[in-house]
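Please look at the sequence and the 3D structure below before reading on. The questions after it can be worked through slowly, one at a time.

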Amino acid sequence: MSSLYSRSKDLSSRSRKSLSDSPPSSPSPSTKTFRQDRASSRSDSSGVESPSDRLSARTSTYTRRENRLSSLSKTEDDTTSKDYKKLYEDALAENEKLKSRLDDSKQELTKIRLQLDRVAQKQDRISERSTVFESEKREKEALEKRVSDMEEELKVLTELKSDNQRLKDENGALIRVISKLSK
């Protein structure tokens, strides 16, 4: 019995050492279930578990963990290379969409600038017209004032002509009177 005890002790220390050498990982749901099953099998049995059972359980757990890690790394390599390719293609497609939107925006901007230039030219023409209109209005007012001044001068001139004619007539009458008196 003592040889069996020392042998199981030796196996358990080896398996602990091999487990401590393996990289730590978070227990997956399957390993948690396996540990729970192992604990329940211990409680069901007489409390004595054979060393070979423990060793095979640990070995199978370790093997499963290694298999899972290697399959994960392979699928990660495959998926990352595929993911990079897909991401690259997605980025190219997105870039093309953005380039087309940028081109559309540039064309729209050009159209809007042309419209703005047209509106600005119309405003300039309108302001020029209003300036011309204002100057024409001032000229018209000045001309109207000049016309009214000339009409006033014409009235004065006609009065002067009529006065001049009256004075000529009086002068002629006086000359006749003086010539009769001098005879």
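What follows is a set of questions and answers on this structure.

This is a predicted model, in which local features need pLDDT of at least 70 and side-chain atom pairs count only at pLDDT 80 or more, while totals for chains, interfaces and linings use all residues. Residues are numbered from 1 along each chain as its sequence is written, and side-chain values use heavy atoms, with hydrogens and water left out.

Q: How many helices and how many strands does the protein chain have?
A: Helices (H or I, at least four residues) and strands (E, at least two) are DSSP runs, numbered from the N terminus. Read from the N terminus on, the elements of the protein chain run α-α-α. The count for the protein chain is therefore 3 helices and 0 strands.

Q: In which helix of the protein chain is confidence highest?
A: Confidence is given as pLDDT, the predictor's own value for each residue, from 0 to 100. For the protein chain the mean pLDDT is 77, with 64% of the residues at 70 or more. The lowest confidence belongs to helix α2 (residues 29–44), with a mean of 51, whereas the highest, a mean of 87, belongs to α3.

Q: How many contacts beyond four places in sequence does the model have for residues 17–26?
A: A contact means heavy atoms within 4.5 Å. Over residues 17–26 the pLDDT stays under 50, and the number of contacts beyond four places in sequence that the model has for them is 4.

Q: What percentage of the residues in the protein chain is buried?
A: Buried means under 20% relative accessible area, exposed means over 50%, and partly exposed lies in between (1.4 Å probe, protein chains only). The protein chain has 183 residues, and the buried share of them is 8%.

Q: Which residues are linked in a network of salt bridges?
A: Side chains of opposite charge can pair when their charged atoms come close. A salt bridge is a side-chain nitrogen of Lys or Arg within 4 Å of a carboxyl oxygen of Asp or Glu, and R166 forms one with D163 (3.6 Å, N to O), while E170 forms one with R166 at 3.4 Å between the closest N and O atoms. Both pairs lie in helix α3, with R166 and D163 3 residues apart and E170 and R166 4 residues apart. The linked residues are D163, R166 and E170.

Q: Which residues make the nonpolar surface patch of about 270 Å²?
A: Patches are made of residues with over 30% relative accessible area and no salt bridge, where like charges are joined within 9 Å and nonpolar side chains (Val, Leu, Ile, Met, Phe, Trp, Tyr) within 5 Å. V156, found in helix α3 (residues 51–182), counts as partly exposed because its relative accessibility is 45%. The patch is made by V156, L157 and L160.

Q: How far does the backbone oxygen of D124 lie from a polar atom of the side chain of S127?
A: S127 lies in helix α3 and is partly exposed because its relative accessible area is 34%. From a polar atom of the S127 side chain to the backbone oxygen of D124 is 2.8 Å.

Key. Accessible areas come from the Shrake-Rupley method with a 1.4 Å probe; for residues, only the protein chains shown count as cover. A polar contact is a pair of N or O atoms within 3.5 Å; within protein, one must be able to donate a hydrogen and the other to accept it, and residues adjacent in sequence count only if both atoms are side-chain atoms.
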